[in-house]
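Open the structure in your viewer and keep the sequence beside it. The stops below say what to select and what is there.

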Amino acid sequence: QVHRLRSVDNLFVVVQEFKDYQFKENKEDALKDLEDLVKKLPWTDPLKVWELNNSLKKKKTKRKKHNLQSPASRGKLSDGGEEGGADQNNTNEQEDCAQNPVAVEPTGGQDTENAQGVASRNGVEEEEDNEQSDVKAEVQASSESGAKAGDGQTGEGEAKVLRFRVTCNRAGDKHSFTSNEAARDFGGAVQEHFQWKADMTNFDVEVLLNIHNNEVVVGIALTEESLHRRNITHFGPTTLRSTLAYGMLRLCDPKPTDIIVDPMCGTGAIPIEGAAEWPHCYHIAGDNNPQAVKRAANNISSLLRKNESKDSSTALGVPLDVIQWDICRLPLRTGSVDIVVTDMPFGKRIGSKKKNWDLYPACLMEMGRICTPGTGRAVLLTQDKKCFAKALSRVGHIWRRAQTVWVNVGGLHAAVYLLRRTSERAEEARPFW
Amino acid sequence: MKLLTHNLLSSHVPGLRPGAGFPLRIELGHPSELPPEPSPGYEADEEFLRRLHHVLLEVEVLEGSLQCPDSGRRFPISRGVPNLLLSEDEA
C-alpha cells in the first residue's frame with residue numbers, strides 16, 4: 001500500500017534516526033564515529049522489510065501483464081501514514097499489519113553525492129513523516145498474500161552475499177566532511193560488518209545516509225528510481241512532477257462528478273494525474289501553445305495504451321480532454337467548472353515577470369468566471385508570489401485565500417495557493433481586455 | 001473531443017449577445033443515437049443511461065469543427081483537439 005502512495009518520490013525504511021547527532025569537529029573523528037555507528041544499528045528488522053519489499057517487486061514485474069489488483073500488490077506494509085489510505089476508494093483492503101515500519105519521506109530523486117548548502121528536499125513540506133527510532137516489522141504469516149510463497153526467496157537462514165552501495169545526502173554548513181567521504185567510510189564499515197560486496201551500479205541493497213545539519217537518518221531504499229516520472233512519456237520544458245501534481249489535486253478535495261480544469265496545462269501533468277487517480281471526475285486540459293497541446297495529447301494516448309494492456313475487457317475512455325485555448329479568453333461557460341488547478345508560469349522558463357503583471361490578474365478573473373460560485377475552488381502553483389499576491393488583492397470579491405503551502409520546485413521556492421470561490425456571481429458579459 | 005466537453009464550451013467571439021455563444025454546433029456527419037429529450041423517468045432506464053454514458057464519454061470527435069451559433073465563426077477540431085484560439089484581429 002505504501003508503494004501506491006501517489007505523492008511520494010522515494011521510499012525507504014528507517015534503520016535509525018538521530019534527531020540531534022553531535023558530530024565531532026575533527027573530520028577524522030566525525031567519520032570514525034559514523035563508522036562505529038554501523039555495528040550498533042538495529043539492522044535486522046529493516047533488512048526483513050527490505051526483503052519483503054523485494055519479493056513484492058518481483059511479483060509485480062511477473063504480473064505486469066495481469067490485472068494490477070492482484071493480491072500480491074497489496075503489500076504487508078501498512079499505511080504509510082494518516083493520509084496513505086485515503087484514496088484507495090475502489091479497493092476494500094484490510095487494514096492489517098501492526099506497526100508501520102516505513103518512514104515516508106520525500107527526498108530528492110537523484111543520487112546526491114555532492115551536498116548542497118541548502119536543504120535539498122523536493123516535494124511538499126507538509127508531507128507526513130513517520131519517522132521512528134525503532135523499526136518493528138511484524139510479518140503476519142497467517143493472512144500472508146503469498147508474497148513469500150513459491151518464489152524461490154532465500155530464507156533468512158541462508159547467508160547470501162549481497163551487493164550494496166551507500167548514498168549520502170548531506171545538507172548543512174557545519175560538517176567537517178563531505179558526503180563522498182561519509183559515504184565512503186560508512187560504506188567501508190558496512191562492508192566489514194556484513195561482509196557484503198560493494199558495487200556502485202549493480203547493488204541489491206542501497207543504504208541511505210541522510211544528514212541534515214544535526215539530524216541523521218540511516219535507511220534502506222525501497223524504491224529504485226524516483227516515482228515522480230510516472231504517467232508522463234513526453235516531457236516539456238517545465239513538466240511538473242507527478243507527485244507534486246497529485247499533492248495539488250488532493251488539496252482541491254475533488255468529489256465525484258467534479259469538473260476539473262487546468263487552463264495552462266503544458267504537457268498535461270496535472271490533468272493526467274487527475275484522470276488516473278480521480279477517474280470519477282472529469283478533467284479538461286488546455287493551453288495556448290500548440291507544442292504543449294500536442295505533448296499533452298501524446299501523453300494521454302500513452303496513458304490510454306497503458307490502460308488497454310491492463311484491462312483487455314473494456315477499453316474505456318479516459319475522462320480527459322485537451323483543448324487549445326487562451327487563458328484570458330476561455331471558451332467555457334460561466335460557472336460551469338468546479339475546480340481550477342494549474343501551475344502558473346513562474347516567469348523564469350516560460351513567459352516573463354513583466355508579462356505576469358498583466359497575465360495574473362487576467363487569469364484570476366477568467367478563472368473566477370468559469371468557476372462555480374460558492375463551491376468552486378482553485379489550487380495554483382507559482383513562484384512569482386509577489387505578483388500573485390497583488391493580483392489576488394484585486395479580485396477579492398471573487399477569490400478568498402484559504403491555504404498556502406510552501407514547496408520546493410527544482411530549487412525554487414514556490415507556493416501553492418488554495419483559493420475558494422466566493423458566492424458572488426460573475427458577469428455573463430465579458431469586459432473587453 | 002468528447003461530448004461532455006462540448007457541453008461546457010461556449011463561443012467567446014467578442015461582441016456576442018450574452019449566452020448566445022452556446023451551444024456550439026458540431027459539424028460532422030454523425031447522427032445522434034439519442035432522442036432529443038430524455039423521457040420522464042430516465043434515471044431508472046438502464047439502457048438509456050448506458051447509451052448516454054457512451055455518447056458523452058466514449059465517443060470522440062476526431063476531425064470536424066465547432067461553429068459559433070451567433071457569429072458563424074468556425075473552430076477546427078483536429079486529431080481530437082479543438083482549437084479555440086481567436087486570431088489577433090478578432091480578440
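Select B:Asp70 and B:Arg17 in this predicted model: their side chains form a salt bridge, with N and O 2.4 Å apart. B:Asp70 sits in the loop between strand S2 (64–67) and strand S3 (74–78) of chain B. B:Arg17 is in the loop between helix H1 (3–8) and strand S1 (25–27) of chain B, so colouring both loops shows a link between distant parts of the chain, 53 residues apart. Which of these two side chains is exposed, and which partly exposed? B:Arg17 is exposed, its relative accessible area being 57%, while B:Asp70 is partly exposed at 28%.

Now move to chain A and select A:Glu181 with A:Lys27. Here too the side chains meet in a salt bridge, N to O 2.6 Å. A:Glu181 belongs to helix H3 (residues 179–194) and A:Lys27 to helix H1 (residues 27–40), so the pair ties together parts of chain A that are 154 residues apart in sequence. A:Glu181 counts as buried because its relative accessibility of 16% falls under 20%. A:Lys27, at 35%, counts as partly exposed.

Next, select A:Lys19 and A:Glu17. The closest N and O atoms of this salt bridge are 3.8 Å apart. Over all chains, the structure holds 15 salt bridges.

Leave the charged pairs and turn to the nonpolar residues. In soluble globular proteins, nonpolar side chains tend to be buried together. Select A:Leu364, A:Met367, A:Leu380, A:Phe388, A:Trp399 and A:Leu419: these have the most contacts inside the largest nonpolar core, which has 46 residues. Elements giving two or more residues to this core include strand S8 (259–262), strand S9 (282–287) and helix H8 (385–394) of chain A, and also H1 and S3 of chain B. Which element gives the most? Helix H7 of chain A does, with 6 residues.

Stay in that region and centre the view on A:Leu380. Leaving aside neighbours within four places in sequence, A:Leu380 is in contact with residues including A:Met248, A:Val340, A:Thr342, A:Met344 and A:Tyr417. Also among its contacts are A:Leu364, A:Met367, A:Phe388 and A:Leu419.

For the last stop, select A:Tyr21, A:Ala189, A:Trp196 and A:Leu209. These are among the members of a second, separate core of 35 residues.

Key:
Residues are numbered from 1 along each chain as its sequence is written. Chains are lettered from A and ligands numbered from 1 in the order in which they are written. This is a predicted model: local features need pLDDT of at least 70, side-chain atom pairs count only at pLDDT 80 or more; totals for chains, interfaces and linings use all residues. Side-chain values use heavy atoms; hydrogens and water are left out. A salt bridge is a side-chain nitrogen of Lys or Arg within 4 Å of a carboxyl oxygen of Asp or Glu. Helices (H or I, at least four residues) and strands (E, at least two) are DSSP runs, numbered from the N terminus. Buried means under 20% relative accessible area, exposed over 50%, partly exposed in between (1.4 Å probe, protein chains only). A nonpolar core is a set of buried Ala, Val, Leu, Ile, Met, Phe, Trp, Tyr and Cys residues joined through side-chain atoms within 4.5 Å. Contact means heavy atoms within 4.5 Å.
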